[in-house]
Amino acid sequence: MSFLIIKNGRVIDPAAKRDAKGDVFIADGKIAKSLTPAQKKQAKVIDATGFVVCPGLVDIHVHFREPGQTHKETILTGSMAAAAGGFTTVVCMPNTVPPADNAGTVELINNAARSAAVHVYPTGCITVGMKGQQLAPHGSLKKAGVVAITDDGLCVESNEIMRRAVEYAQMFDLPVLDHCQDESMTKKAVMNEGTVSTRLGLQGWPHAAEDIIVARNIILSHYTGAHIHMQHISSAHSVELVRRAKKDGINVTAEATPHHIALTEEALGTYDTNFKMNPPLRTEADRRAIIAGLRDGTLDCIGTDHAPHAPEEKDKEFDYAPNGIIGLETALPVCLDVLVRRSRFKLPYVIDLMTRRAANILKLPAGTLAPGAAADVCIFDPTETWLYDTYKAFSKSINSPWSGQQMTGRVKTTIVSGKVVYANGKMV
Ligand SMILES: [Zn+2]
Ligand SMILES: [Zn+2]
């Protein structure tokens with residue numbers, strides 16, 4: 001047996017409505033209510049004075065690029081970035097090369113996940129090859145261990161295929177995560193459609209293309225009863241659609257990314273491709289509506305959409321650069337800044353959005369410090385200011401809009417199943 005005591009921190013466990021100064025005890029990889037005097041003598045002690053001690057963060061939306069694009073990220077490097085960002089549980093998207101549309105590829109991912117720094121759960125594709133035409137074998141994907149199905153990166157265009165997909169996935173109790181984008185309306189689009197895209201001379205992606213699919217998914221969820229989760233909501237109108245659907249008791253959930261709550265399309269004035277993502281950054285009104293959606297629970301959680309790309313791919317003309325940014329190592333400070341400092345959210349609520357609420361969407365065993373739970377813990381200093389240097393960071397890629405910037409709030413220690421995996425800037 002090994003024992004660990006995290007002493008004198010501000011312990012925040014939203015699941016138990018706990019927010020008080022105290023100690024957290026760990027025995028043999030699990031949270032313990034207390035330790036005996038003999039166990040305390042043997043225990044390793046971490047002094048968390050001045051720090052917040054909370055459940056390890058949970059991200060249900062990351063891209064780890066393995067198999068197939070390991071020059072961008074591997075499951076190991078992605079999991080190290082996760083640990084450095086305070087995340088102990090992540091869910092990786094199936095748009096690998098080849099896509100995870102079969103049990104064999106999922107097994108490959110699970111094998112690599114076994115030596116990852118944090119818990120990595122796979123998802124499987126909705127359709128074969130993510131082509132939107134033929135359903136992937138959801139039953140055997142489930143047996144192989146996927147926690148949800150999604151064609152993220154692409155949207156299932158056909159309403160008929162989507163209807164069959166959600167009914168089929170429901171038979172295996174698998175939620176469907178959808179990337180909401182009517183692709184017929186967004187051909188060659190590289191940023192939000194509006195006055196800024198006109199001024200910059202870039203092809204626009206109208207928020208209506210997101211809203212239409214969000215509405216479609218709400219209708220299909222209502223019709224079938226199936227759980228559909230909307231990924232990376234970027235539009236004010238979509239937030240309102242989800243709000244009404246939830247009021248009507250429809251089985252939908254939704255997530256917001258740190259970049260859509262922190263940034264707007266105005267950032268694209270420099271044509272810096274580190275602000276190019278899909279869905280695109282939108283207007284200030286959209287940004288505020290997403291924050292309001294998180295505040296009233298319309299949006300269920302934060303998901304980073306961590307999307308690594310190599311410098312030679314991203315460092316191209318705006319029209320030709322791939323979409324996406326990395327986000328695991330900056331999510332916590334960005335959320336502390338935007339939600340706690342600037343929008344006056346209570347800290348325990350933000351932690352809830354990044355832990356228990358995220359885990360609940362996919363019924364993952366994570367997001368609490370309750371006795372008996374896996375000892376997945378994040379310890380952070382909410383006031384430490386530090387420089388985010390992508391070259392010293394753990395992701396294999398450097399495509400971040402926060403590269404070289406001062407951040408406030410720093411992860412000090414990350415513990416996975418009772419084992420310290422990251423401490424004071426280093427992997428352990
Ligand atoms: Zn997506
Ligand atoms: Zn994604």
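Trainee: In what order do the five strands of the open sheet stand?

Mentor: In this predicted model, local features need pLDDT of at least 70, side-chain atom pairs count only at pLDDT 80 or more, and totals for chains, interfaces and linings use all residues. Strands (E, at least two residues) and helices (H or I, at least four) are DSSP runs numbered from the N terminus, and two strands pair if DSSP finds at least two bridges between them. The pairing in this open sheet is parallel, and its five strands follow the order β9-β10-β13-β14-β15.

Trainee: Which strands stand at the edges of that sheet?

Mentor: An edge strand here has a single partner strand, so one side of it is left without a neighbour in the sheet. The two strands in that position are β9 and β15 (301-302).

Trainee: Which residue of β15 stands opposite Glu255?

Mentor: Strand β14 (residues 252-256) runs parallel to β15, and two bridges pair them. Opposite Glu255, β15 places Cys301.

Trainee: Is Asp152 buried or exposed?

Mentor: Buried means under 20% relative accessible area, exposed over 50%, and partly exposed in between (1.4 Å probe, protein chains only). Asp152 bridges the zinc ion (ligand 1) and the zinc ion (ligand 2), which lie 3.5 Å apart. His179 has 3% relative accessibility and counts as buried. With a relative accessible area of 1%, Asp152 is buried.

Trainee: Why is helix α2 described as largely enclosed by the rest of the structure?

Mentor: Among the buried residues of α2 are Ile75, Thr77, Gly78 and Ser79. The elements that cover them in contact (heavy atoms within 4.5 Å) include β7 (87-92), α3 (103-113), β8 (119-122) and β17 (406-416). Helix α2 (residues 75-84) is largely enclosed because the buried ones among its 10 residues number eight.

Trainee: Which residue of β8 is the bridge partner of Cys92?

Mentor: Three strands form an open sheet with parallel pairing, in the order β6-β7-β8. The edge strands β6 (57-62) and β8 each pair on one side only. Strands β7 and β8 run parallel and are joined by four bridges. In β8, Cys92 has as its bridge partner Pro122.

Trainee: Is α8 roughly parallel or roughly antiparallel to α10?

Mentor: Axes are lines fitted to C-alpha atoms, for helices over the stretch in contact, and angles run from 0 to 180 degrees between N-to-C directions. Angles under 35 degrees count as roughly parallel, over 145 as roughly antiparallel, 65 to 115 as roughly perpendicular and the rest as oblique. Helix α8 (residues 236-247) packs against helix α10 (residues 284-295) at about 25 degrees, with the axes 8 Å apart. That angle makes the two helices roughly parallel.

Trainee: Which residues of α8 make the contact with α10?

Mentor: On the side of α10, the contact includes Ala285, Asp286 and Ala289. On the side of α8, the residues are Ala236, Val239 and Arg243.

Trainee: In β4, which residue is the bridge partner of Ile6?

Mentor: Strand β1 (residues 3-13) is largely enclosed by the rest of the structure, because eight of its 11 residues are buried. It pairs with strand β2 (residues 18-27) in the antiparallel sense over nine bridges. Strand β1 also pairs with strand β4 (residues 44-47), in the parallel sense over four bridges. In β4, Ile6 is partnered by Ile46.

Technical notes: Residues numbered from 1 in each chain as written. Chains lettered and ligands numbered in written order. Heavy atoms only, no water. Donors = N, O, S within 2.8 Å, 3.2 Å for Na, K, Ca; no water.
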